[in-house]
Amino acid sequence: MLTEEDRAEAFFRYTAYMSAGLWLLHLAAHEVMKLTSARYRNIPAILAKVAKPEAGEDEPPLPIIGAKSHVLTCQDIVVIPTSTAITFLYLLDLMRLSRERELRWAGFSHAFLVGASLHCAFSVYELSIYFFLGKKLEFFLHHILVFALFAIGTIKCQFQFYLGWAGLVEITNVFLSSLSILGRMDMKQNPLYLASGVGLYISYVLTRLFSVALCLSTLLYDSLYLDQRLWESTSVFFFFFCVVSCIVIYFMSAMWFTKIHSGLMKHLNGTGPQEAGADMDNLSGQSSKTKHKKQK
């Protein structure tokens, strides 16, 4: 088994390499889409026609990465394979550590090391995008919280089973990003749009509402019957940090689910908005500084 120093070195090395790799994937996606997709090239013009804030029509394109709407679309393209890989690695982690309470509590999994590194690298990648685009403060805090949770769990070799279980929520981003890409490219009538909406709804209920609650219940149940020896080597602060984080994530997910449910029902009933644009961009918004700049 790796020492704490070895785990820390591997985690930060993997995270740095993967963060750079995600940006390379982003830039490659932008160049390929510019060459192959007229819809992609025309996204800023499409969104400007319906006055969508993600169009960024009054802002000059950034060097190399293009207009704001191109940045967001390439971000969503990167999300799909990345979230899929993270989910697969966390499933391997669950299979490795689920057999015994001691393994669930303080077991080490190479799959979790790689998955958590990729998860945190993705947080760094998205934080850099948020910085450029002026996202709201809560989006920064969310990724900082994720980075802290998974970095500590990896390095201290604690709660990797439960963190991997909670991390399965990443699969919902595959469907959410698919919706955003299709929406910005004015393809809401495409059958894939409805399929992605249904996939988001089902995966959201299973992972963010049902699975997170079950994960937290299992963590609390295991804590009641844990060997004293394991408690003595456990960071009580990190234990409560994990518990509180799960509760916060769960209630945030429940709040967002009302919007997802409403959106899907409207689309199924034919009463939802059909104009181009990604609904998530409208909900996430921009920082007050950016809004003030636009108002001026």
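How far apart are the end C-alpha atoms of helix α6, and what span should its 24 residues give at 1.5 Å a residue? I started my notes there. This is a predicted model, so everything below is read off computed coordinates.

**Entry 1: α6**

I took α6 as residues 110-133. At 1.5 Å a residue, its 24 residues should span 34 Å. The end C-alpha atoms sit 35 Å apart, which agrees with that. Next I looked at the two ends. At the N-terminal end I found Ser109 as the cap, with a side-chain oxygen 3.2 Å from the backbone nitrogen of Ala111. After the helix comes Gly134, and its phi is positive, near 70°. I also checked how covered α6 is: 17 of its 24 residues are buried, so I wrote it down as mostly covered.

**Entry 2: the whole chain**

I stepped back for the overall picture. The protein has 296 residues, and 50% of them count as buried. I then asked about contacts with a separation of 6 or more: 81% of them come from residues 24 or more positions apart.

**Entry 3: α1**

Helix α1 covers residues 4-36. I did the span check here too: 33 residues, 47 Å from first C-alpha to last, close to the 48 Å expected at 1.5 Å a residue. For its buried positions I listed Arg7, Ala8, Ala10, Phe11, Thr15, Ser19, Leu22, His26, Ala29, His30 and Met33. What covers these buried residues includes α2 (38-41), α4, α6 and α7 (137-156).

**Entry 4: α1 against α6**

I looked at this pair next. The axes of α1 and α6 are 8 Å apart and the packing angle is about 50°. That makes α1 oblique to α6. The crossing is right-handed. On the α1 side I noted residues including Phe11, Tyr14, Met18, Leu22, Trp23 and His26. They meet an α6 set that includes Leu113, Leu118, Phe122, Tyr125 and Ile129.

**Entry 5: α1 against α4**

Helix α4 is residues 68-97. I got an angle of about 120° between α1 and α4, with 9 Å between the axes. That makes α1 oblique to α4. This crossing is right-handed. From α1, the contact uses Leu22, Leu25, His26, Ala29, His30 and Met33. From α4, it uses residues including His70, Val71, Cys74, Gln75 and Val78.

**Entry 6: His26**

Is His26 buried or exposed? It is buried, because its relative accessible area is 0% and the cut-off is under 20%. His26 is found in α1. Leaving aside neighbours within four places in sequence, I found His26 in contact with Ile65, Val71, Cys74, Gln75, Val78, Tyr125 and Ile129. His26 turns up in the α1 contact with α4 and also in the one with α6.

**Entry 7: α4 against α9**

Helix α9 is residues 172-184, and it packs on α4 at about 150°, axes 8 Å apart. That makes α4 roughly antiparallel to α9, since the cut-off for that word is over 145 degrees. The crossing is left-handed. Among the α4 residues in the contact I noted Leu72, Ile77, Val79 and Ile80. Among those from α9 are Val174, Ile181 and Arg184.

Key: Residues are numbered from 1 along each chain as its sequence is written. This is a predicted model: local features need pLDDT of at least 70, side-chain atom pairs count only at pLDDT 80 or more; totals for chains, interfaces and linings use all residues. Side-chain values use heavy atoms; hydrogens and water are left out. Helices (H or I, at least four residues) and strands (E, at least two) are DSSP runs, numbered from the N terminus. The expected span of a helix is 1.5 Å times one less than its number of residues. Buried means under 20% relative accessible area, exposed over 50%, partly exposed in between (1.4 Å probe, protein chains only). A polar contact is a pair of N or O atoms within 3.5 Å; within protein, one must be able to donate a hydrogen and the other to accept it, and residues adjacent in sequence count only if both atoms are side-chain atoms. Axes are lines fitted to C-alpha atoms, for helices over the stretch in contact, and angles run from 0 to 180 degrees between N-to-C directions. Angles under 35 degrees count as roughly parallel, over 145 as roughly antiparallel, 65 to 115 as roughly perpendicular and the rest as oblique. A crossing is left-handed if the near helix is turned anticlockwise from the far one by less than a right angle, and right-handed if clockwise. Contact means heavy atoms within 4.5 Å.
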